[in-house]
Amino acid sequence: MMEEIKVEKVDKRKARPADGELSFGRTFTDHMFTMEYDENKGWHDPKVVPYQPLELDPAAACCHYGQTTFEGLKAYRSNNGALLFRPEKNAERFNNTNRRMCIPEMDPEFFVQAIKEAVRVDQDWIPAKEGTSLYIRPFILANEVYLGLKPSSHYKFVIIMSPVAAYYPQGIKPTRIYVETEYVRAVRGGTGSAKTGGNYAGSLKAQSSAADKGYDEVLWLDGVEREYVEEVGAMNVFFKIDGKIVTPELGGSVLPGITRDSVITMLEDWDYDVEVRKISIEDIAQAYKDGRLEEAFGTGTAAIISPIGELNYNGLKMEINDFETGEVASKLYKTLTGIQTGKVDDPYNWTEEIPLD
Ligand code: PLP
Ligand code: COI
């Protein structure tokens with residue numbers, strides 16, 4: 001049995017930005033959820049409190065050895081209230097990540113309940129304009145005060161929320177991607193399949209040198225042979241080749257995306273041939289040269305579907321679908337965002353209502 005979630009509300013609410021002025025992850029709501037862990041009490045003291053800075057001892061473990069984990073999901077305004085999209089999958093992935101990082105797991109039902117309670121308190125912050133949503137960022141940091149290297153004995157779990165615009169205000173638009181052949185994001189046996197800060201810190205160098213060359217993101221290759229495609233930026237990646245859809249298998253170094261899983265289910269339902277397998281960058285280049293590379297796109301909670309207009313592999317500039325959003329990417333984006341906002345039938349029971357006041 002989990003403890004009841006206490007609620008301490010702000011005296012004065014902040015001014016909310018207009019729906020038309022939102023960006024991604026810069027504005028935060030009035031409240032946040034917090035909960036503590038120690039070895040004697042387990043997870044305890046869950047509460048919703050005014051949004052505020054965290055107090056952190058400079059010797060807290062997370063400041064030194066990166067024992068941190070996070071999740072990302074969205075609440076969408078619907079006609080009747082608000083919806084979450086497959087939050088139990090985030091709970092499951094959070095526990096998998098936490099196990100990998102030696103952080104104590106939490107009851108997955110309580111994880112979802114905590115999110116619903118935090119969103120309920122800040123329900124006025126869920127934007128309504130098409131394409132907008134409330135981005136929810138649950139995270140854990142290790143805060144034992146100790147410089148020895150070992151799993152921490154104290155943790156803090158926090159949920160913050162940020163009203164966000166559609167990733168691309170003018171609708172989805174193709175991106176330019178640089179195939180990274182020097183740096184790698186993850187290796188099998190490493191932490192690539194976990195959502196932990198270090199993976200993202202380690203990815204910044206490649207991302208910034210791609211940006212210097214005028215590219216939006218990098219396409220990551222595997223860490224051993226640097227031959228097989230893994231992910232695009234912080235998204236999973238799909239290709240349409242010869243009418244078939246191909247996406248890399250998870251294999252231990254790819255983050256198991258919830259959008260990825262949903263996209264595979266939908267495409268199979270639409271009678272596409274979906275191949276989940278190793279796919280080499282050489283095969284992609286060959287398909288391009290033969291005129292068989294029809295589409296490529298990334299999938300993730302933030303952008304939902306992000307079409308790829310160009311892949312640069314060692315100077316071979318592969319323009320895909322004349323730098324236009326493809327048919328499959330468009331249909332997926334429309335259907336998925338329709339389900340998430342309750343505008344399109346949800347045959348998979350993926351959405352979950354958030355009780356509002
Ligand atoms: N890959 C990485 C590295 C990510 O950080 C994310 C984002 O969470 C994804 C893929 C996509 O996952 P999801 O669809 O669950 O948002
Ligand atoms: C995603 O939601 O697709 C992400 O990659 C999260 C993020 C902003 C790192």
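## Reading a predicted model, term by term

Q: Where does Arg86 lie?
A: Arg86 sits in the loop that links strand 6 (82–85) to helix 2 (87–100). Residues are numbered from 1 along each chain as its sequence is written, chains are lettered from A and ligands numbered from 1 in the order in which they are written, and side-chain values use heavy atoms, leaving out hydrogens and water.

Q: Why is Arg86 called buried?
A: Buried means under 20% relative accessible area, exposed means over 50%, and partly exposed is in between (1.4 Å probe, protein chains only). Arg86 has 8% relative accessibility, so it counts as buried.

Q: What makes the phi of Arg86 worth a look?
A: Most residues other than glycine have a negative phi. Arg86 is not a glycine, yet its phi is positive, near 50 degrees.

Q: Why is Asn321 called partly exposed?
A: Its relative accessible area is 32%, so Asn321 counts as partly exposed.

Q: What makes Gly214 partly exposed, and where is it found?
A: Gly214 has 39% relative accessibility, and therefore gets that label. You will find Gly214 in the loop between helix 4 (197–212) and strand 10 (217–221).

Q: Why is Asn236 called buried?
A: With a relative accessible area of 5%, Asn236 is buried. Asn236 is part of strand 12 (residues 236–241).

Q: Which residues are in contact with Asn236?
A: Contact means heavy atoms within 4.5 Å. Apart from neighbours within four places in sequence, the partners of Asn236 include Glu231, Val254, Arg260 and Phe297. Ser203 is 33 residues away in sequence, and its C-alpha is 15 Å from that of Asn236.

Q: What makes a set of residues a nonpolar core?
A: The term stands for buried Ala, Val, Leu, Ile, Met, Phe, Trp, Tyr and Cys residues joined through side-chain atoms within 4.5 Å. The largest such core has 46 residues, and Leu219, Val229, Phe239, Ile284 and Leu311 have the most contacts inside it. Helix 7 (residues 327–340) gives this core its largest share, six residues. A second, separate core has 44 residues, among them Ala75, Ile103, Phe110 and Ile126.

Q: Which residues are in contact with Val229?
A: Neighbours within four places in sequence aside, the partners of Val229 include Leu219, Val237, Phe239, Ile279 and Ile284.

Q: How do you know that the radius of gyration agrees with a compact globule?
A: The radius is taken over C-alpha atoms, and the globule rule is 2.2 Å times the number of residues to the power 0.38. For 357 residues the rule gives a value near 21 Å, and the protein has 21 Å, so the two agree. The protein has seven helices and 18 strands, and 52% of its 357 residues count as buried.

Technical notes. Predicted model: local features only at pLDDT ≥ 70, side-chain atom pairs only at ≥ 80, totals over all residues. Helix = DSSP H or I, 4+ residues; strand = E, 2+ residues; numbered from the N terminus.
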